Protein chains: 6
Amino acid sequence: MKVITFGEIMLRLSPEGYKRFIQSDKFNVTYGGSEANVAISLSNYGIPVEFVTKVPNNEIGQSAINILRSYNVGTRHIIKEGERLGIYYLEKGASQRPSKVIYDRKNSAISKSNINEFDWDEIFNGANCFHISGITPALSKNLANISIAACKKAKEQGLLVSCDLNYRNKLWARKEANRVMSEIMKYVDVCVANEEDIEKVFNIKAENTDVEKGKLNIESYESVAKQIYEKFDCQIVACTLRTSLSANDNKWMSLAYDGEKTLQSKEYNIHIVDRVGAGDSFSAGLIYGLLNKMSLEETLEFATAASCLKHSIEGDFNIVTVDEVNNLVEGNASGRVQR
Amino acid sequence: MKVITFGEIMLRLSPEGYKRFIQSDKFNVTYGGSEANVAISLSNYGIPVEFVTKVPNNEIGQSAINILRSYNVGTRHIIKEGERLGIYYLEKGASQRPSKVIYDRKNSAISKSNINEFDWDEIFNGANCFHISGITPALSKNLANISIAACKKAKEQGLLVSCDLNYRNKLWARKEANRVMSEIMKYVDVCVANEEDIEKVFNIKAENTDVEKGKLNIESYESVAKQIYEKFDCQIVACTLRTSLSANDNKWMSLAYDGEKTLQSKEYNIHIVDRVGAGDSFSAGLIYGLLNKMSLEETLEFATAASCLKHSIEGDFNIVTVDEVNNLVEGNASGRVQR
Amino acid sequence: MKVITFGEIMLRLSPEGYKRFIQSDKFNVTYGGSEANVAISLSNYGIPVEFVTKVPNNEIGQSAINILRSYNVGTRHIIKEGERLGIYYLEKGASQRPSKVIYDRKNSAISKSNINEFDWDEIFNGANCFHISGITPALSKNLANISIAACKKAKEQGLLVSCDLNYRNKLWARKEANRVMSEIMKYVDVCVANEEDIEKVFNIKAENTDVEKGKLNIESYESVAKQIYEKFDCQIVACTLRTSLSANDNKWMSLAYDGEKTLQSKEYNIHIVDRVGAGDSFSAGLIYGLLNKMSLEETLEFATAASCLKHSIEGDFNIVTVDEVNNLVEGNASGRVQR
Amino acid sequence: MKVITFGEIMLRLSPEGYKRFIQSDKFNVTYGGSEANVAISLSNYGIPVEFVTKVPNNEIGQSAINILRSYNVGTRHIIKEGERLGIYYLEKGASQRPSKVIYDRKNSAISKSNINEFDWDEIFNGANCFHISGITPALSKNLANISIAACKKAKEQGLLVSCDLNYRNKLWARKEANRVMSEIMKYVDVCVANEEDIEKVFNIKAENTDVEKGKLNIESYESVAKQIYEKFDCQIVACTLRTSLSANDNKWMSLAYDGEKTLQSKEYNIHIVDRVGAGDSFSAGLIYGLLNKMSLEETLEFATAASCLKHSIEGDFNIVTVDEVNNLVEGNASGRVQR
Amino acid sequence: MKVITFGEIMLRLSPEGYKRFIQSDKFNVTYGGSEANVAISLSNYGIPVEFVTKVPNNEIGQSAINILRSYNVGTRHIIKEGERLGIYYLEKGASQRPSKVIYDRKNSAISKSNINEFDWDEIFNGANCFHISGITPALSKNLANISIAACKKAKEQGLLVSCDLNYRNKLWARKEANRVMSEIMKYVDVCVANEEDIEKVFNIKAENTDVEKGKLNIESYESVAKQIYEKFDCQIVACTLRTSLSANDNKWMSLAYDGEKTLQSKEYNIHIVDRVGAGDSFSAGLIYGLLNKMSLEETLEFATAASCLKHSIEGDFNIVTVDEVNNLVEGNASGRVQR
Amino acid sequence: MKVITFGEIMLRLSPEGYKRFIQSDKFNVTYGGSEANVAISLSNYGIPVEFVTKVPNNEIGQSAINILRSYNVGTRHIIKEGERLGIYYLEKGASQRPSKVIYDRKNSAISKSNINEFDWDEIFNGANCFHISGITPALSKNLANISIAACKKAKEQGLLVSCDLNYRNKLWARKEANRVMSEIMKYVDVCVANEEDIEKVFNIKAENTDVEKGKLNIESYESVAKQIYEKFDCQIVACTLRTSLSANDNKWMSLAYDGEKTLQSKEYNIHIVDRVGAGDSFSAGLIYGLLNKMSLEETLEFATAASCLKHSIEGDFNIVTVDEVNNLVEGNASGRVQR
């Protein structure tokens with residue numbers, strides 16, 4: 001068993017606690033990025049995984065590599081070249097004040113990569129799953145092409161191809177996203193999205209829903225999932241559904257459609273420590289379940305519990321074990337001290 | 001447009017996180033004071049503002065000036081003389097444990113100022129609003145007289161005079177407060193109070209209310225506001241209403257009376273980061289609305305949303321923009337990440 | 001009035017904030033242990049108290065002594081010898097993720113003590129209460145015997161003997177706990193337990209209760225308390241009842257039986273800062289009430305309010321005064337700022 | 001009296017203490033840049049100063065503005081537009097391990113500015129000195145042209161033009177630097193350089209000197225200064241001379257030539273806290289002396305003492321007063337506690 | 001054996017590391033004061049000691065008491081009353097930049113004490129040494145009288161009276177100091193001074209010495225010590241001699257005269273961590289030696305080594321054991337790791 | 001090329017900055033141990049390396065593994081079992097105050113390992129060098145036997161066997177050390193020692209040397225090295241020579257004997273950041289040189305420069321690259337900023 005994920009890893013800079021940017025003379029430093037987060041999550045579950053990217057050959061790039069290695073993620077396909085590591089600044093919100101992300105990721109090493117820098121035949125050798133998100137192709141024209149090529153090759157070689165739509169409006173226009181993601185979706189087996197992505201990328205809107213005001217209609221999302229399923233002929237379409245009550249308190253659940261049935265997961269009431277990477281931890285949970293031949297129901301509950309736990313962990317990475325996830329799946333949600 | 005505020009700015013020392021004083025070997029250092037907080041809030045909304053005070057001519061006084069300047073508050077009328085900057089120690093409460101303030105502000109530079117040190121003609125030159133709170137006159141006999149003189153002069157020169165009653169029982173007796181504030185109220189256009197001030201200063205009690213136990217009766221407060229309005233012939237009386245569920249969770253709303261109608265704002269459920277300065281941010285919101293000719297309803301919602309957001313921000317200052325306040329006024333209270 | 005408590009004090013190492021162990025390059029350092037916590041709590045209430053233990057004669061042991069002294073706990077019966085101070089690592093949980101304790105307390109100085117090292121006649125001289133918990137006898141065979149001897153001696157000398165069952169499954173088997181605690185209970189006047197201890201130690205189960213899932217049946221616990229009362233002929237059996245909604249939010253109440261009536265305390269909804277030591281602060285509250293001849297009802301409310309407040313305080317120790325506890329007993333639970 | 005400085009201000013990110021980048025999960029955050037540093041230094045001496053730059057219209061750009069304002073530097077000519085604030089990562093060296101700077105400043109807002117964005121007539125209105133360093137023209141072709149235009153305009157309007165050569169080999173090639181700086185030097189009255197700049201930019205080498213090995217020949221530098229003086233017809237050429245004994249210990253002195261005499265300053269043995277910005281604080285000291293009509297000797301000693309003190313201060317900025325500098329000029333170098 | 005010391009303990013607030021006040025958003029918090037420092041030093045040597053003072057009855061005053069208790073200093077004669085604890089702000093210097101102290105100690109609880117608040121008969125019961133410094137009488141007229149009374153009483157009761165001149169020009173004028181200290185010296189057995197005190201208080205100047213420029217003449221100080229000895233008929237006059245090379249590097253030695261011989265201690269080259277309290281640790285060393293009947297030579301070397309070590313320890317207190325001091329006395333100054 | 005190192009990795013807990021244990025409420029957390037340090041150093045030079053040990057199967061053990069992985073050290077032979085990770089507490093000394101280590105490493109997982117847990121045939125497969133230090137066999141009888149067996153096997157399989165004597169008197173008696181190390185030395189090719197080890201283990205004393213007082217006689221050490229060479233028939237005997245001037249300042253050099261010549265390295269004057277692990281970084285430098293067929297002279301200078309740099313780096317690990325070491329070897333010791 002081996003999973004490959006491909007994308008950007010960034011330096012993440014965030015003020016301490018709930019301080020605003022303008023008040024900060026220290027930044028917490030960590031690293032993260034959608035596909036890197038998936039890789040670390042899977043590695044924490046004991047699954048061999050390689051993360052493919054390009055980072056500058058300096059200490060900032062090396063720090064990103066080191067943290068991946070510390071979680072046992074394979075880094076041998078990482079190219080060390082280019083000018084800079086992308087950065088995102090993250091200010092943690094509280095109560096009615098939203099968290100805020102400032103991107104400074106243009107001209108990152110990975111965004112400047114060329115199609116011949118990645119030898120997918122070699123990279124996919126021995127692997128049985130490939131994961132990518134909509135962020136990677138959004139980074140540059142070249143990366144759009146590289147992403148499509150990678151998915152195509154993965155599909156050809158029989159890997160399970162997983163893709164999180166992950167639409168970022170700061171990175172590309174909806175029209176361009178639609179064009180590229182439609183191409184990628186041809187090769188995708190498992191499609192993941194959140195409550196906003198599908199509308200933004202494919203113009204398929206859930207009825208009676210107002211995400212900004214915290215109102216979600218689950219039935220509408222079931223319909224949306226089915227439409228994606230049919231349009232792109234995937235195996236599974238899964239969707240996370242976040243009800244934002246405030247920056248501190250969210251509800252979190254998910255649903256999935258596999259061509260036969262629509263399943264809804266348990267819903268969790270979450271007191272948030274750090275919600276970045278929740279979607280990524282959901283994708284990793286799905287992949288874990290599918291690779292381990294768990295039923296779709298078990299898989300969905302595992303992925304949802306895993307991503308519920310992510311909200312309680314600082315940083316982008318979901319640092320939990322399979323046992324910890326299963327413990328929550330089994331209903332031990334009381335948070336009692338474990339001595 | 002230019003606003004003048006006048007009062008004390010103190011050094012604020014607080015343990016890290018939820019530590020008690022007795023456990024602390026580090027104090028977070030910031031600066032604050034009711035009228036300084038109003039000044040910074042207004043400056044963050046883009047309104048020119050001068051803060052008038054007196055600080056000692058040492059690095060502690062200078063630090064207070066520097067932080068005001070960093071937020072673009074004018075400091076050219078600040079007198080640098082005297083012995084010490086007042087201090088307040090703040091221990092952050094949690095759950096049923098209340099926050100605790102220890103004042104060490106006696107003999108501060110400002111409290112020892114003389115009436116001829118401030119040339120109000122020059123200070124008010126070009127200004128169209130003056131704000132003061134009940135804390136300034138409470139600091140010393142001299143300051144009571146200076147405050148009365150300043151309000152009188154402001155009124156004469158046609159400035160909008162705003163006053164937050166802000167009763168502090170550690171600073172003066174209710175009788176003395178009544179005497180001085182009654183004098184000041186002669187010149188006040190906009191009177192702000194919280195759920196306790198009016199009773200403490202003017203002996204006008206809201207019926208069926210027990211603040212300590214967290215029970216407020218809104219109708220009673222409407223009646224109280226009207227009584228103040230009539231007694232002092234103001235333009236507007238506004239009152240913030242805090243329901244303390246615990247040190248972490250409060251409800252927050254406000255009401256206002258303008259001689260014609262009583263308006264109630266939306267009520268917010270707040271998860272508190274730092275509630276100091278909430279009243280000041282409300283005053284600043286009111287002034288902002290009034291100076292910008294917003295309707296009373298818009299003004300009240302703006303001020304309430306602004307002060308709701310204050311609770312999510314560390315320190316005394318309300319570091320938010322007009323856009324951020326308006327975003328909440330428009331109902332985007334879900335705290336979703338802004339990328 | 002003087003209280004003696006006897007047990008282990010450990011070095012407590014915990015990541016900052018909500019970080020997981022694996023993410024930490026700093027540990028917060030404090031010290032704690034069930035009976036030490038009780039001692040500090042009582043000292044904070046103004047009651048003379050001596051803590052009896054054994055620590056290594058190095059700076060780590062000395063640090064534990066110094067912190068006890070800083071809270072005015074008597075340390076003159078503490079033996080400075082042996083190899084190491086026990087350690088416990090504590091990772092703070094959040095939301096559905098539980099807090100986690102890793103013990104590294106084997107071979108601690110106290111666990112290796114011999115029966116002749118403690119001269120109970122001298123230690124109990126002038127004292128009128130002795131407190132121990134089920135952790136002390138669990139540390140080693142020797143300590144089991146020492147604990148029994150101490151309780152016996154205390155009883156003989158007319159001290160009020162208080163014991164918190166405090167079952168720790170990592171320290172001993174239920175069978176051994178049953179044997180030793182049954183012996184100790186012969187001498188116990190005040191027996192304290194939490195919602196799990198009695199079942200684990202004495203096989204007396206509360207019906208219709210599932211602690212892990214956060215479901216407690218209060219009537220069942222009343223029955224359990226009575227059974228303990230009758231089996232061991234105590235004066236008072238008290239039981240804390242925690243409903244874990246999540247790692248952040250708990251409900252907390254208690255009940256007590258004195259042979260005549262069963263009393264239930266108020267129930268508190270708690271937003272948790274640090275829940276370690278809650279049981280200890282309850283025991284200390286009970287002892288305080290009993291030594292001060294408060295009624296059982298007053299005592300129970302005092303102990304419950306005290307331990308409610310403990311949840312809002314960092315570290316093992318309940319750093320509150322009698323006034324602060326009484327303030328909560330009187331219903332001032334709104335957490336309003338005290339200026 | 002008013003000074004204008006023009007250049008880039010960057011976000012500076014540095015590990016805590018002597019940690020290497022690879023070990024850091026926190027970065028200290030400050031802001032700095034050669035001409036901003038000069039501006040702050042002058043403002044600390046009480047001289048009105050405006051810093052001209054362009055920063056992105058986000059919180060990172062705003063933070064840079066706020067820190068300038070806190071030191072009373074004028075910011076009204078700062079343009080808020082563009083994509084990013086440049087960054088430099090700084091790792092503090094120790095003993096034989098050198099400090100290390102990683103630049104991530106490409107595509108910064110200022111580097112993308114156009115010549116018509118700065119209205120020098122308006123900016124120079126009321127000013128009597130303009131300062132720039134060789135870093136500004138090195139940032140982009142456009143900035144080279146803007147810099148030349150600014151210097152020309154300043155000269156025309158009778159301002160004292162000060163320029164620190166400040167060669168950075170990561171920013172441009174020596175040939176290009178030579179071409180542009182030769183153009184700029186036409187308008188320069190006061191030329192500042194360090195022990196490497198002149199050779200790198202103008203190919204005029206000090207004999208018998210090996211900077212890397214810490215060997216400087218002062219007479220050679222006198223000759224170099226004269227050559228520059230004659231070549232470009234300046235009023236004053238001044239040169240700082242650093243002998244690096246280790247990353248912790250340096251010697252520091254300077255010399256100046258004014259067409260008549262070469263003066264050498266006192267030499268200081270420095271234990272380094274933070275040496276970044278030392279050259280900038282020297283330039284500011286020179287400007288201060290010249291604007292205040294101090295003799296060249298006094299000016300040189302003032303500038304050297306000021307820059308000596310800079311080494312003892314964290315961050316890029318030289319936070320010292322005129323009194324503190326004069327105190328050192330007068331020989332009080334013993335560092336005795338001032339009570 | 002028991003020692004009594006009497007004076008003020010203050011809250012000490014200092015920026016982290018080498019930051020200047022103006023850069024600080026955190027202050028390290030500790031407590032200190034000349035006589036409190038002596039008390040803690042002696043307690044660390046195993047000598048029973050009581051510190052007598054007056055602190056406000058709030059958490060800041062309590063924190064001062066707690067830290068004294070943690071070091072086993074007796075606090076039962078401390079009066080808890082009054083308005084505030086005195087504060088001193090300390091900025092740590094580096095290289096040529098001096099450390100800076102800002103006092104905010106006026107109107108402290110102790111400074112307002114009355115002569116009848118301290119029952120010296122009871123306080124001195126069982127004691128055999130009393131220590132005071134020139135700071136205590138400088139705090140107020142009342143304290144001058146109380147100090148004189150205490151010394152007189154101590155002398156009458158046969159205690160060894162030790163006094164450190166400790167002149168502070170911010171607290172009183174030289175003339176007043178001369179008057180009061182001359183009175184106190186009537187009762188003093190052991191007089192301690194540093195290289196400045198004697199001149200400032202008694203107008204007895206060491207020849208050929210320029211303290212500010214770091215030049216000391218040891219023979220002159222011997223003469224000064226003799227003059228004091230003769231003038232006041234003490235048993236021992238001891239003087240610490242600090243040569244300040246920079247804020248980081250000092251030389252440190254001492255001399256003593258006992259009516260027969262003048263002894264000079266070893267001189268130490270010190271790399272400074274925190275030099276506050278060095279004089280106090282010297283006094284404590286002297287007292288330790290004298291109480292233990294060590295020879296004057298041994299005593300002087302012990303006191304000098306002890307105070308040498310103080311420079312390596314953060315805070316006011318000299319946290320070293322007798323063994324650690326003796327180790328240095330015996331010449332183990334190499335600082336090798338002790339495993 | 002592949003190196004195997006075998007030993008214990010511990011949790012290292014140290015107060016912040018120069019604080020003493022007794023003052024600390026935070027510990028910096030890192031991991032280290034002699035052979036782990038060598039492994040990381042070699043990995044930083046690009047050499048494949050596996051570290052062999054045994055750690056408990058909990059988060060503390062896992063953290064040790066993760067940090068090794070982050071530096072690309074192979075961890076697949078690490079056994080996860082046993083009760084605890086050994087701990088060492090480290091207090092950083094300053095000036096005349098020595099650093100202090102408190103060991104709490106008894107009963108660590110590795111110390112309880114059995115001889116059949118390590119399959120050296122498999123471990124050594126593909127390796128060409130094995131490194132161990134005298135600490136490993138000192139941990140327990142079993143480990144002494146395992147160490148001997150490992151060295152014997154390594155020698156048989158043709159690996160270069162490197163051993164650092166590393167005597168720790170807290171771990172075993174000199175007699176036992178002599179017995180076991182004499183056995184191990186039979187198989188050792190490269191023997192490393194510091195200025196104390198050889199005397200302590202083999203009773204071969206360097207004449208005219210007093211390590212405690214900081215006096216070393218280099219010629220004596222040459223003689224000592226030769227005696228070891230001859231006694232055990234090694235290829236190379238190398239010795240580091242530290243002259244401790246103070247806890248902050250040391251001199252550092254080394255010598256080596258290869259049966260033909262004695263070479264002395266350059267001597268470095270070091271300002272210390274953290275000197276733990278210096279010897280380990282020297283061993284790693286030697287191994288690097290020998291594996292890369294550098295001459296003995298080059299190897300010695302490389303190892304000495306590498307270990308000189310270690311003193312400037314926080315923690316046990318020598319985080320430097322080959323380029324950084326070579327830069328120092330080439331004489332660039334001035335610590336100039338690298339931009």
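What follows is a short chat about a few spots in this model, which is a predicted one.

Me: Let's start with helix α2 of chain F. How far apart are its end C-alpha atoms?
Reply: Helix α2 of chain F covers residues 59-70, which makes 12 residues. At 1.5 Å a residue, the helix should span 16 Å. The model agrees with that, since the end C-alpha atoms are apart by 16 Å.

Me: Is α2(F) largely enclosed or largely open, and how many of its residues are buried?
Reply: A residue counts as buried when its relative accessible area is under 20%. Among those that qualify in α2(F) are Ile60(F), Ala64(F), Ile65(F) and Leu68(F). The helix is largely enclosed by the rest of the structure, because the number of buried residues, out of 12, is 11.

Me: Which residue caps the N-terminal end of that helix?
Reply: Look for a side-chain oxygen lying 3.0 Å from the backbone nitrogen of Ile60(F). That oxygen belongs to the capping residue, Asn58(F).

Me: How are α9(A) and α10(A) arranged: roughly parallel or roughly antiparallel?
Reply: The axes of α9 (residues 278-291) and α10 (residues 296-310) of chain A come within 8 Å and cross at roughly 150°. The crossing is right-handed. Angles over 145 degrees count as roughly antiparallel. The two helices are therefore roughly antiparallel.

Me: Is Asn208(C) buried or exposed?
Reply: Asn208(C) sits in the loop between α7 (197-202) and α8 (218-232) of chain C, and its phi is positive, near 55°. The cut-off for exposed is over 50% relative accessible area. Asn208(C) has 56% relative accessibility, so it counts as exposed.

Me: What about Asn107(B): what is its relative accessible area?
Reply: Asn107(B) also has a positive phi, about 65°, although it is not a glycine. Its place is the loop between β8 (100-104) and α3 (120-124) of chain B. Asn107(B) is partly exposed, with a relative accessible area of 26%.

Note on methods:
Residues numbered from 1 in each chain as written. Chains lettered and ligands numbered in written order. Predicted model: local features only at pLDDT ≥ 70, side-chain atom pairs only at ≥ 80, totals over all residues. Heavy atoms only, no water. Helix = DSSP H or I, 4+ residues; strand = E, 2+ residues; numbered from the N terminus. Expected span 1.5 Å × (residues − 1). Buried < 20%, exposed > 50% of the residue type's maximum accessible area, 1.4 Å probe, protein only. Polar contact = N/O pair within 3.5 Å; in protein donor to acceptor, adjacent residues only side chain to side chain. Axes fitted to C-alpha atoms, helices over the stretch in contact; angles between N-to-C directions. Parallel < 35°, antiparallel > 145°, perpendicular 65-115°, else oblique. Left-handed = near helix turned anticlockwise from the far one by under 90°.
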